[in-house]
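Subject: Structure handover

Hello,

Here is the structure I promised to pass on. Please open it first, then read the notes below.

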Amino acid sequence: MPIRHILLALLVVAIWGFNFVVIKLSVEALPPILAAALRFCAAAFPALLFVRPPKAPWWLVVGFGLSFGFALYAFLNLSIAWGMPAGLSSLVLQTQAFFTMAMAFVLLGERPSRFQIIGAGVAFLGIAVIGAERIEGAGLVPLVMVLLAAMAWGLANVLTKKAGRVNAIAFTVWGSLAAPLPLFALSYVVEGGPAIWAALSGFSWSDAVLIAFLAYPATLLGGGIWSWLLGRHPASTVAPFTLLVPITGLLSGYLILGETITGIEIAGGVLVIIGLIVTLRKSKPLEPAIRLD
C-alpha cells in the first residue's frame, strides 16, 4: 500500500475518531435517529444535483446506503443516546474490521494473509484490553447495538469492494440518498411525530454545525476516501486501519468531553497500533526447501 494511500487512510481515521464526539453532541441536542436522518439528507442534497450517478449496479449503491447509512447509524446513534460512551463506542465499532475480513472471505473469496490474521488478533487483544477497562456500567443492550452497527459497516465495506473502481464521491453521495427516508420513518415510529416537530422547529445554528460536520467531512469526505481506497486495495488491507479510530476517538473524548484515559487504555492503544503495523506487512513467498535446478 503506497505511503500516500496510508496517509489518506490516517486522515479518515482522524476524522472518524472525532466523529464520535460530534455524534454524542448531536444525540444530546436532537432525537438520535432524526439526527442520523438529517446527516444523510444533508450528505445527499444538494450534492446529487452536481454529481452523476456512479457506474455501479443500483443494488450495490442502495445496499451500501442502507447498510452504511441506515443500519449503521440507526444502531450507533441509539446506543450512544442510551448511554454508550463516545470513546467506548469508537472502540467497539472497530470490530467491523473482523466482520469485513470474514464477509470478504465468504462473499468475495479474499483470503487474509497470515500477517493480517496475526495483526488482527493483536489489535483485537488491544481492543479487549481497553474494553475491559470501559465496559463496566455501559449496559448490554447499547453494547449489542454497537456490535450490530459494526456488522452493518462490515457489509458496507464488502459492497463497496464489490462495486470496484467507481467514482468514490458519486458512490457515497448516491448511496447516502438511500438512507434518509428509512431513517425518517424509523424516527417517526420510535421517537414520535411531536419529538420530531419540536426538534425541527427549534433547530439552531449549533445543530446545523453538528449536522454539517457529520454530513460533509465525516460522511462525504471520509466515506469518499474510504470507498476510493477499497476500490484499489483488498478489503482485508484497508479495513484494519479503522482499528486506529478508537485511539483518535478516546483522545477526542478526553479533550472535548472530558472522558478520562487510563494507563490500561494507553497500553491497549499501543497493542492496536502494533497490530495494525503487523497487518500492513506483506507475506513473502516461501523459498522451496530443495532446489530442483
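The notes below cover one glutamate, then the aromatic rings.

Please keep in mind that this is a predicted model.

**Glu-191**

Start with Glu-191, which belongs to helix α9 (residues 180–191). Glu-191 is buried, yet it has no salt bridge. The nearest side chain of opposite charge is that of Arg-39, 14 Å away.

What does the side chain of Glu-191 reach instead? It reaches the backbone nitrogen of Leu-34 at 3.3 Å. It also makes a polar contact with the side chain of Ser-187, at 2.5 Å. Setting aside neighbours within four places in sequence, Glu-191 is in contact with Pro-31, Pro-32, Ile-33, Leu-34 and Leu-186.

**Aromatic rings**

How many aromatic pairs does the structure hold? There are 8. One of them joins Trp-16 and Trp-153, with ring centres 5.2 Å apart. Their planes stand at 75 degrees, so the pair is edge-to-face. This pair links distant parts of the chain: Trp-16 lies in helix α1 (residues 3–29) and Trp-153 in helix α7 (residues 140–163), 137 residues apart. Both Trp-16 and Trp-153 are buried.

Look also at Phe-40, Phe-64, Phe-68, Tyr-73 and Phe-171, which form one aromatic cluster. Arg-39 turns up again here: it lies over the face of Tyr-73, 4.0 Å from the ring centre. Elsewhere, the charged end of Arg-114 sits over the ring of Phe-115, at 5.1 Å from its centre.

Best wishes

Notes
Residues numbered from 1 in each chain as written. Predicted model: local features only at pLDDT ≥ 70, side-chain atom pairs only at ≥ 80, totals over all residues. Heavy atoms only, no water. Helix = DSSP H or I, 4+ residues; strand = E, 2+ residues; numbered from the N terminus. Buried < 20%, exposed > 50% of the residue type's maximum accessible area, 1.4 Å probe, protein only. Lys, Arg positive; Asp, Glu negative; His and termini not counted. Salt bridge = Lys/Arg side-chain N within 4 Å of Asp/Glu carboxyl O. Polar contact = N/O pair within 3.5 Å; in protein donor to acceptor, adjacent residues only side chain to side chain. Contact = heavy atoms within 4.5 Å. Phe/Tyr/Trp six-rings, centres within 6.5 Å; stacked < 30°, edge-to-face > 60°. Lys NZ or Arg CZ within 6 Å of the ring centre and 35° of its normal.
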